[in-house]
Every structure is written in structure tokens, then in C-alpha cells.
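User: Could you help me learn to read helix faces and aromatic pairs in a model? I'd like the general idea, then the case at hand.

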Amino acid sequence: MARRVSAPALAFRAMQTTDLALVEVWLREPRVARWYLAGSTMERELEELRAAMSGDEPTHALIVLRGGTPIGWCQWYLCADHPDHADAIGAQPGDIGLDYALGEPASIGHGTGTAMIAALVAHIRQRHPAAGLMADPEASNVASRRVLEKNGFELLREGPVRSELVDATMAVYRLAPPTVN
């Protein structure tokens, strides 16, 4: 019987300016650019991350690490800090929005995306234990939707989201706050 070797756990660290060169490499990957640069530009995405790192934007930008090696990035924010987007996706008071991407091609297709979302949920819940969590990938992004669903996110609706930079159909998901017994 083959012994299953477990992969190193995922961890997060605050994104630093020096990480932007790596994020740029990842954004050039066609499978990442397809979702992140639709309706945007490389410069805009990097500038938004710079603003988050400097504190000019109320978003928490994180590098995803596996065994100490960067493999992707994610970010989270209080939906209330972006009221137009919160209204457009139907966020409830106290909800937190999240975005994510695996950058390293070798991390795709091995359950890493699912593990990344589970770790991100745990990370956010340590800071905001009663928050609902929202994500709104393009409806055609099947892999992104699958990792959300595997982590208990429920589809609220599919349709346009007026605050998004693309006219694509979006899939709006929410993970309800934990119930208190």
C-alpha cells in the first residue's frame, strides 16, 4: 500500500512591495490574466496592491506560502469599506469580501486552491469570528467556484455585478457566519 505524503501546510504573510515583481509574473500567466485582467490592466492591479500595502486602501493583501515558498496571493476587506460593491453583491452588515489566485502553475490541480480558501477562511475568522464571507468570481470560472463550494460557500445568485469592471456574469457566493450553540 502506498503511503500518502501530506503537502506542507499553507501560511500567509503580509504582502510586501518586493512581492509585486512575483505577482506581476503570476498575472502574466494566461490562466491568471484571464480572470484578473479582464476589464483591468496590470498597472491597475499592481497599483491597488501598492495602495493596500501602504494603508491607502483598506484591503489586507497577503502572499500565500507553501513550505515557505510563495505560490499565490489573496486579499480580504470589510465589505462596508466598499459600499457600492457591497450593495451590488448583496453583502450583509459585517460581511468580508475576498479575492484569491494561485500563481504557481505547479500548484494547480492538487487541491491547493481548496486548501488556500480553507486557510483564508480560518485566517479571517481569527480576526472576525462572526463575519459572513463573500466572493464573486466570474460564473465561467469553474475552478474558483468549485473551491468555494468545497469550503461551504453557497451560491446566492448569478448575474451582472454593476461594481465589477467586466460585463460578465458573476457568481456571488457567501459563507454564513458560524452558528453559536
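Predicted model: local features only at pLDDT ≥ 70, side-chain atom pairs only at ≥ 80, totals over all residues.

User: Which residues of helix H1 are buried?

Analyst: In H1, residues 20–28, the buried ones are Leu 20, Val 23, Trp 26 and Leu 27. Looking down the axis of H1, these buried residues fall within an arc of 115°, so they line one face of the helix. Ala 21 and Arg 28 are exposed, on the face turned away from the buried side. The cover over the buried residues of H1 includes helices H2 and H3 and strands E2 and E3.

User: How do I read aromatic pairs, and how many are there?

Analyst: An aromatic ring pair is described by the distance of the centres and the angle of the planes. Here the count is two aromatic pairs. Trp 26 and Trp 73 have ring centres 5.9 Å apart and planes at 5°, so this pair is stacked. Trp 26 is in helix H1 and Trp 73 in strand E3, so the pair ties together parts 47 residues apart in sequence. Tyr 36 and Trp 73 make a tilted pair, at 4.9 Å centre to centre with 50° between the planes.

User: Is Arg 145 buried or exposed?

Analyst: Arg 145, in helix H6, has 13% relative accessibility, so it counts as buried. The side chains of Arg 145 and Tyr 173 are joined by a polar contact of 2.9 Å. Beyond its neighbours within four places in sequence, Arg 145 contacts residues including Glu 138, Leu 155 and Glu 158.

Note on methods: Residues numbered from 1 in each chain as written. Heavy atoms only, no water. Buried < 20%, exposed > 50% of the residue type's maximum accessible area, 1.4 Å probe, protein only. Helix = DSSP H or I, 4+ residues; strand = E, 2+ residues; numbered from the N terminus. Arc of directions from axis to C-beta. Contact = heavy atoms within 4.5 Å. Polar contact = N/O pair within 3.5 Å; in protein donor to acceptor, adjacent residues only side chain to side chain. Phe/Tyr/Trp six-rings, centres within 6.5 Å; stacked < 30°, edge-to-face > 60°.
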